[in-house]
Amino acid sequence: MAVTDPIADYLTRIRNAQIAGHRVVTIPASRTKKRITEILYDQGFILKYKFDDEAGKGKQGEISIALKYERETKRPVIRKLIRVSKPGLRQYAKSDAMPRVINGLGIAIVSTSKGVMTGRQATEQKVGGEVLAYVY
């Protein structure tokens with residue numbers, strides 16, 4: 001079955017795995033999804049990840065993500081994953097008007113001409129782009 005919005009599918013798989021209490025979630029890979037995974041790891045939202053280029057039927061392979069939970073409460077570290085720009089309505093932001101997520105506690109993931117990065121990095125590099133998702 002063809003997926004019309006692969007980024008939304010990626011975020012939904014992570015969301016569903018957290019609700020079900022899974023430790024690891026496997027997702028079909030693409031360059032954009034790999035970069036988003038790296039950003040989530042760098043920002044401390046996931047425990048670890050592994051890119052498996054050989055696995056699956058697809059040419060891109062798979063991404064295995066180890067989800068992160070709080071030690072005491074067993075709640076997921078990622079509270080919300082929100083898809084901002086959708087295929088039917090794209091959302092763009094200039095470098096000087098990059099959205100702040102929960103007053104700087106969350107991150108905005110932005111696809112720019114210099115690659116996929118956080119909103120803060122896009123502001124520092126003075127590039128705008130399509131706002132893919134909010135994570136907090």
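This briefing describes the charged pairs and the nonpolar cores of the structure above. The model is a predicted one. The largest nonpolar core holds 25 residues, and a second, separate core holds eight.

**A buried lysine**

- Lys33 belongs to helix H2, which spans residues 31-42.
- Although Lys33 is buried, no salt bridge is found for this residue. Asp9, the nearest side chain of opposite charge, is 5.0 Å away, whereas a salt bridge is counted only within 4 Å.
- Leaving aside residues up to four places away in sequence, Lys33 touches Pro6, Ile7, Tyr10, Ile27, Pro28 and Ile63.

**Salt bridges**

- Arg35 and Glu38 form a salt bridge, with their closest N and O atoms 3.3 Å apart. Both residues lie in helix H2, where they are three residues apart, about one turn of the helix.
- Arg35 is partly exposed, at a relative accessible area of 26%, and Glu38 is likewise partly exposed, at 26%.
- Glu70 pairs with Arg79 in a salt bridge whose closest N and O atoms are 2.6 Å apart. Glu70 is partly exposed at 28% relative accessibility, and Arg79 is partly exposed at 39%.

**Nonpolar cores**

- In soluble globular proteins, nonpolar side chains tend to be buried together.
- Within the largest nonpolar core, the residues that touch the most other members are Tyr10, Ile14, Ile36, Leu40, Ile65, Ile109 and Val135.
- At least two residues of this core come from each of helix H1 (6-20), strand E1 (24-28), H2, strand E3 (62-67), strand E6 (107-112) and E8. Helix H1 gives the most, with five residues.
- Ile36 touches Ile7, Tyr10, Ile109, Val116 and Leu132, when residues up to four places away in sequence are not counted.
- The second, separate core of eight residues includes Val84, Ala93, Met98 and Met117.

Notes. Residues are numbered from 1 along each chain as its sequence is written. This is a predicted model: local features need pLDDT of at least 70, side-chain atom pairs count only at pLDDT 80 or more; totals for chains, interfaces and linings use all residues. Side-chain values use heavy atoms; hydrogens and water are left out. Helices (H or I, at least four residues) and strands (E, at least two) are DSSP runs, numbered from the N terminus. Buried means under 20% relative accessible area, exposed over 50%, partly exposed in between (1.4 Å probe, protein chains only). Lys and Arg count as positive and Asp and Glu as negative; His and the chain ends are not counted. Contact means heavy atoms within 4.5 Å. A nonpolar core is a set of buried Ala, Val, Leu, Ile, Met, Phe, Trp, Tyr and Cys residues joined through side-chain atoms within 4.5 Å.
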